[in-house]
Amino acid sequence: MASGAFAESGADLELVGIQKRFPGFTAIEHLDLTIPAGSFFALLGPSGCGKTTTLRLVAGLEDPTEGRVLIGGKDVTKLKPYQRPVNTVFQSYALFPHMTVLENVAFGLRRRHIADPLGKAHEALRLVELDHLATRKPQQLSGGQQQRVALARAVVNRPALLLLDEPLGALDLKLRRQMQLELKSIQEEVGLTFVHVTHDQEEAMTMADTVAVMNKGEIEQLGAPQELYELPRTAFVANFLGQSNLFTGKVTGTTSSAITVDIEGVKIIVPSKRAQRHTGEVTVGVRPEKLHLLLKAPKVDSSVNVLGPGRIIDVSFSGVSTQYILTIPGIGKVTVFQQNMSSGPLAHEGSEVWVSWDVEHGFGLADEPAASPKFSADTDTATIALQKKQALMSELEEA
Ligand SMILES: Nc1ncnc2c1ncn2[C@@H]1O[C@H](COP(=O)(O)OP(=O)(O)OP(=O)(O)O)[C@@H](O)[C@H]1O
Ligand SMILES: [Mg+2]
């Protein structure tokens, strides 16, 4: 690999027609994916959806059953892991306990006989702001500092592609947020291609320029974080990336600019360009923070959708906002997030309310309503992240 400044750029990653079968289990049925050089790409999805398997295929730790892996346009499918310009930071960032921080970082360079390993290791440690601890042993560092050493150890090799498999999983929330920003600025500084695997939707959205939401070995949607959030294509994405209110009904009217959907007798308008399907049974949705909570029935206006009256069954205060859950007869539960502008909640449990939203804020999904089983609430990202953390903690305790 070339030597020189850290500003060397990364390489494109392409996965072409990848299938991965384990004995008795197909983890990935068919995966096509292109990640442009220099991007910060996040692979987001629930436990068991195939994220680690995808990274292992890229790193060469697994062979695909079918398909090819290309890095910088070069087919590396048949290459051994050490022949690929790839470094991986795993969740369990095993550092060598008997070596100093500096020697840990310089290790890979020494092994590959790269000139000036210590100078380069210092440079990488400066990048993660740990150069002042270069002479310590790993056990003299905090968990977050060890994680940064693991990162320096990967970055120092200037891999064209850096794979990060939940590298922040073990950190507490505050340190995690701090490391997210640091990782992002390191990526911008070194210009490498980062592929970051996470359960945490906020983490994916904060850090990545492109997010892919993976479900059962397939990518359901890929795009800029804001694009995915504002216009989810499927119920899975609508609920995995944030929360959504989803309603299913029949399209009863179509104009050049909008569709009208009948939800249990209530007409909901969705802009055609924001709806994936324009006929038949469709599922439409709106994000909870886009809803207005009203104590009186609003005036009819073709630029807003209105549901109600309903009754508030739950109010929960979470600092910056208050979450209201209401039930509307025939429609079901609706969640509203409202920013805390005034003191005290606007409405109380039992209050009669309406909700309205700007027609421009709705979206229509691509799923066939019958074929899309409801996303089960016990697999939201926060729960998964918590389970993952607990599993790791008990693993650490056992060790
Ligand atoms: N060696 C293997 N043999 C059989 N099945 C495997 C093997 N490795 C992984 N799997 C299965 O493949 C699926 C995808 O696993 P993978 O580790 O890629 O998931 P993941 O998305 O990384 O999940 P997590 O978020 O829990 O780490 C899982 O159902 C897993 O049980
Ligand atoms: Mg995994």
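Helix α1 supplies three residues to the shell around ligand 1, the largest share of any element. The structure is a predicted model, in which local features need pLDDT of at least 70 and side-chain atom pairs count only at pLDDT 80 or more, while totals for chains, interfaces and linings use all residues. Residues are numbered from 1 along each chain as its sequence is written, and chains are lettered from A and ligands numbered from 1 in the order in which they are written.

Around ligand 1 stand F22, F25, A27, G45, S47, G48, C49, G50, K51, T52, T53 and H199, where a residue is near the molecule if its C-beta atom, placed from the backbone, lies within 6 Å of it. Two elements give two or more residues to this shell, namely β2 (25-35) and α1 (51-59).

Eight of its nine residues are buried, so α1 is largely enclosed by the rest of the structure. A residue is called buried if 20 or more other C-beta atoms, placed from the backbone, lie within 10 Å of its own, exposed if 12 or fewer do, and partly exposed in between. The buried residues of α1 are K51, T52, T53, T54, L55, L57, V58 and A59.

For the chain as a whole, the model contains nine helices and 20 strands, and the C-alpha trace spans about 75 × 50 × 40 Å along its principal axes. Of the 399 residues, 38% are buried. Among contacts between residues at least 6 apart in sequence, 67% join residues at least 24 apart, a contact being a pair whose C-beta atoms, placed from the backbone, lie within 7 Å.

Confidence can be read from pLDDT, the predictor's confidence in each residue on a scale from 0 to 100. The chain has a mean pLDDT of 88, and 91% of its residues reach 70 or more. Confidence is lowest in helix α9 (residues 381-398), at a mean of 67, and highest in strand β20 (residues 363-364), at 98. Over residues 1-7 the pLDDT falls below 50, and beyond near neighbours in sequence this stretch has eleven contacts in the model. Residues 371-379 are also below 50, with nine contacts beyond near neighbours in sequence.

The chain is divided into domain 1 (13-227) and domain 2 (243-367), with bounds that come from an automatic or database domain assignment. Their C-alpha centres lie 39 Å apart. The largest nonpolar core holds 98 residues, of which V105, L125, A152, V155, V195 and V213 touch the most other members; such a core is a set of buried Ala, Val, Leu, Ile, Met, Phe, Trp, Tyr and Cys residues joined through C-beta atoms within 7 Å. Helix α4 (residues 143-155) gives the largest share of this core, six residues. Both domain 1 and domain 2 give residues to the core, so it lies between them. Leaving aside neighbours within four places in sequence, A152 is in contact with V105, A124, L125, L127, V128 and L130.

Most residues other than glycine have a negative phi, and most peptide bonds are trans. R158, in the loop between α4 and β7 (161-165), has a positive phi near 45°, and is buried, with 26 other C-beta atoms within 10 Å. E166, in the loop between β7 and α5, likewise has a positive phi near 45° and is buried, with 23 other C-beta atoms within 10 Å. A cis peptide bond, with omega about 5°, joins G308 and P309, and P309 lies in strand β16 (residues 304-317). In helix α5 (residues 173-190) sits L181, which counts as exposed because it has 11 C-beta neighbours inside 10 Å.

Note on methods. Helix = DSSP H or I, 4+ residues; strand = E, 2+ residues; numbered from the N terminus. Contact = placed C-beta atoms within 7 Å.
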